[in-house]
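Have the structure open beside you as you read.

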Amino acid sequence: MMSDTTSEDHYEFSDQFDDDFDLQDPGNFDSDNNYFNIVNMEHVKASERRTVAEIADLFSIMVPMSTILLMAYFWNREKLSEEYIEGRALAKVGLTDADLEVQRKSGQKVQCSPRTCPICCDTYTRGFQLACKHTACIKCYERYLGEKLSSGDLLSTRCLGQHDCRLVATLDDFRELSKDLESGYLEKTAASYLQSHSSSFKACPGPGCTSIIELTSSLAMLDLDQYMVECSCGKRFCLGCKNDWHLPIKCDLASRWMNINGERMKNNLWLDKNTKPCPKCEARIERTEGCNHMKCRTCHFEYCWMCMQEWSAHNGMFFKCVHFQPSAEAKHSGRATSARLKHYSIRFDSNIIDSRRDVNVRDLTFSSQQVLNKAVPTLSYTRRILAWTYVLLFYVTGSNQKTILETSVSDIESHAETLAELLAGDEQAAAPCLELSGYLETRVENLITHALETNWKLDRNSLTYTPS
Amino acid sequence: MSTTARKRLMRDFKRIQQDPTGGVSASPVPEDILMWNAVIIGPDDTPFEDGTFRLILKFDESYPTKPPVVRFLSEMFHPNVYPSGELCLDILQNRWSPTFDVSAILTSIQSLLNDPNTASPANVEAANMFRDHRSQYSKRVRETVEKSWL
C-alpha cells in the first residue's frame, strides 16, 4: 500500500488535468447524443463557403468581396445586410461603389521593362497589380501579403502601387500570386469564421487535435457550463470554459479554485505534493496506490492519508474526515479561510491524483475484463467528482444542504476506499467490485444532480481569498 | 550596407528635398539613416498656427513593411498625443501601408493637429477640454506653440 520515498521521477502538476483514462459509461460524455457532433475543419470551411455564397448572391457581388465584408462584420449576416442596404457597409472596409466595380476583376502578374519599385526602390521587371493597375514589384507584394496573413489582418491589404489607392487585395489576388498565399488566406478566413461562431463551434483544446465540437442549436441555447464533452482524440473538456472537466461545479467556481490552488501547487516542491511525513514517526512517505488506509513501514502506525488521523478513528465513517472543523484558535484568527483552503485542497489534490493513479490498477492481476472495464473507470470518475465536490464545499457556507452533501461525500469516499482496496487486493472478487461500482455510479450521479440543482449560498471569505 | 529600409529611406529623403511638402521638413541624423529629425509647422487658422513642433522618427530594418516609431520632442497639448510625446494615429499602427513615406507620415500628423480623434484619447484632459471648453483648449495649445519657439 505504500513505499518509502525514493522515486526520482518528477510529477508534473500542470499536466494533472490532462488525464486520458477511459470511461465506459460516463453519462455526461455520451457522444451518441443530440447535443453535439465532432467535426473537422473542412466541415467548418464548407459552412463558411455557404454563408459567403449566400451573401454574394444576395447582393450580386463577387465571392471574395463577400468574404471581406463578412469578416468586417464578424460574420453577422443580419447586420451586414442591413448596413449594405443602407449603403454603409462598403465604407467600413474603405471602399466605394465605384471601387467595387473595379474589384470585380482580379489582379495579375505583369512583365515590364525595368522600373523602380515604389516600395523597396529596387529595379524590377516582374511586377504585380491589383485591378487598379498600379504596379509594385512582385517580391514586395508577396512579402506584404505574407505579413498581413501572419498578423491576421485581411481587411487592410491595400494596393501597393499608389499610396492613395483604396483597392483591397482579395482572395483572387492572393490566388494569382501563389498557392501558399491562397491557402494561407483560406485558413485565416476559416479561423475568423470559427471565432465568430464560438457559441456553436468549440475547437478541441487537446494537444495536436484539430477536431471541432459543433453544438446543435438545442445545446447552444443552454448554460454550457454543466456540459462536458469527450472529443474523438480522448480529450475531455467543459463546453463552457474549455478547461478540463470539473463536474459537479460550474466554470466560475472552478476557475476561481484553479487560480488559488494552481498558484499554491506551483509553489510546492514535488516532495510536498506527493509525500507526507508519517504523523507518528515523521518518516517521509509516498503513496503509490489508491487507497487512503496507510500503514507506516517504519513505525507501523495506521492512519488516513487525507486527514492524517489514526485510521480506526474513522470507524468506517468518513464524515469527520470530509467535514471541516476549524480549530478553536483558527476560528478566531484571520487564518480561518486559509485553514479551510488547506483542508479542502488536500482532499482535492488527493482525489485528483488518485483518479489518475487508479488507472494503473489495471496492471494488476485482475483477470476479469468486466471488472477492468467497469470498476476501474468508475473509480477514477468517482475520485474526480469527489475532488471537485471538495471545491464546492470550500466555497459554500454551512447549511442543511451542505451537510447533506458532506454526508454523500463521506459515503462515497468510504465506498470508493473499499473498491480501491478490493482492486488492489490479491483476491479477485469480481462480483463485489461490480456491485460497488454500480452503487458508486448511482451515488455519484445523485451527487452531481444535487450539487448542480441546489441554489448554494457562497462564502464571502472563500470567494475573495487570495493566497499571500 | 544597402538594405531595403536604407534604400527606401534615401529615396524618401530625396523626395522630401526635391518636392517639399508645405509645413513639414525632415532629415536623417548625420551618422544614422534610421533616425530622423522632423519639424511640423502648425497649420494656419488653427490654435497650432506658427508652432514649430519637433519630432523624432525611429525606423528599423523592417521599414517600409512596418511603420517607424514617431514621438514629439516638443511639448504638446493634443487629445492624441501622450505626455511622453508618443502619438496615437491609426496609420502608424493598424492602418499602416508600405506605400506611406516620410512625407506622407508627417502630412498625416500635421492634419491630425487640428482634427483630433476624441474617440480614443491619449490625453484625456485635452480631449475633454477640446470637446467642452474650446477656448480654454486653444489657450493651452497657444502656450505650447510659444514654448515650441524656444
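**Entry 1: ground rules.** I counted a salt bridge where a side-chain nitrogen of Lys or Arg lies within 4 Å of a carboxyl oxygen of Asp or Glu. I kept in mind that this is a predicted model. My search of the whole structure turned up 28 salt bridges over all chains.

**Entry 2: a pair in chain A.** I looked at A:Glu182 and A:Lys179, whose side chains form a salt bridge at 3.6 Å, N to O. I found both residues in helix α8 (residues 179–196) of chain A, 3 residues apart, which is about one turn of the helix. A:Lys179 is exposed at 65%.

**Entry 3: over to chain B.** I found B:Asp12 in a salt bridge with B:Arg11, their closest N and O atoms 3.3 Å apart. Both B:Asp12 and B:Arg11 are buried.

Entry 4: I then checked B:Asp101, which forms a salt bridge with B:Arg15 at 3.8 Å between the closest N and O atoms. This pair ties together distant parts of the chain, 86 residues apart: B:Asp101 sits in the loop between β4 (69–72) and α2 (102–113), and B:Arg15 in helix α1 (residues 4–18). I noted B:Asp101 as buried, at 9% relative accessible area, and B:Arg15 as partly exposed, at 42%.

**Entry 5: joining up.** Through shared partners, salt bridges join B:Arg8, B:Arg11, B:Asp12, B:Arg15 and B:Asp101 into one network.

Terms used
Residues numbered from 1 in each chain as written. Chains lettered and ligands numbered in written order. Predicted model: local features only at pLDDT ≥ 70, side-chain atom pairs only at ≥ 80, totals over all residues. Heavy atoms only, no water. Helix = DSSP H or I, 4+ residues; strand = E, 2+ residues; numbered from the N terminus. Buried < 20%, exposed > 50% of the residue type's maximum accessible area, 1.4 Å probe, protein only.
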